[in-house]
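Please look over the chain shown here before reading on.

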Amino acid sequence: MPENAPLSPADIDRIIEMGWEDRTPFEAIETQFGLAEKDVIALMRREMKASSFRMWRARMSGRATKHRALRSDDVDGFKSNQQRSISLNKISKR
């Protein structure tokens, strides 16, 4: 995604969803959308209710799985094995 390109509502929803996921590191969001951790935090603050943002920040503070460098070696991907795979823009059935 280009550096200063505006995010679509679908992109914003996906970034918020990825932000809430425990096993999705901020580096994955940066790779996919070009937003650094501080940008994700700013987006979450702007797009969420204040109480939801405070709950999210309390949940994410110090969480090792949100930072690739702090993760244990057994976590090696962005995607949980419980997450459905997407092929040809459709969600595959299990």
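Contact means heavy atoms within 4.5 Å. Among contacts in the chain between residues at least 6 apart in sequence, those joining residues at least 24 apart make up 55%. The model is predicted: local features need pLDDT of at least 70, side-chain atom pairs count only at pLDDT 80 or more, and totals for chains, interfaces and linings use all residues. Residues are numbered from 1 along each chain as its sequence is written, and side-chain values use heavy atoms, with hydrogens and water left out.

The chain has four helices and two strands, in the order α-α-α-α-β-β along the sequence. Helices (H or I, at least four residues) and strands (E, at least two) are DSSP runs, numbered from the N terminus. Of the 94 residues in the chain, 29% are buried (under 20% relative accessible area; exposed is over 50%, partly exposed in between, with a 1.4 Å probe and protein chains only).

Helix H3 spans residues 37–47, and its buried residues are Val40, Ile41, Leu43 and Met44. They lie on the same side of H3 because they cover an arc of only 160° around the axis, taken from the directions from the helix axis to the C-beta atoms. An α-helix has 3.6 residues a turn, so residues three or four places apart point the same way. The face turned away from the buried side of H3 carries the exposed residues Lys38, Arg45 and Arg46.

The buried residues of H3 pack against helix H1 (9–20), helix H2 (26–33) and helix H4 (50–60). At the H4 contact, Ile41, Met44 and Arg45 in H3 meet Phe53, Trp56 and Arg57 in H4.
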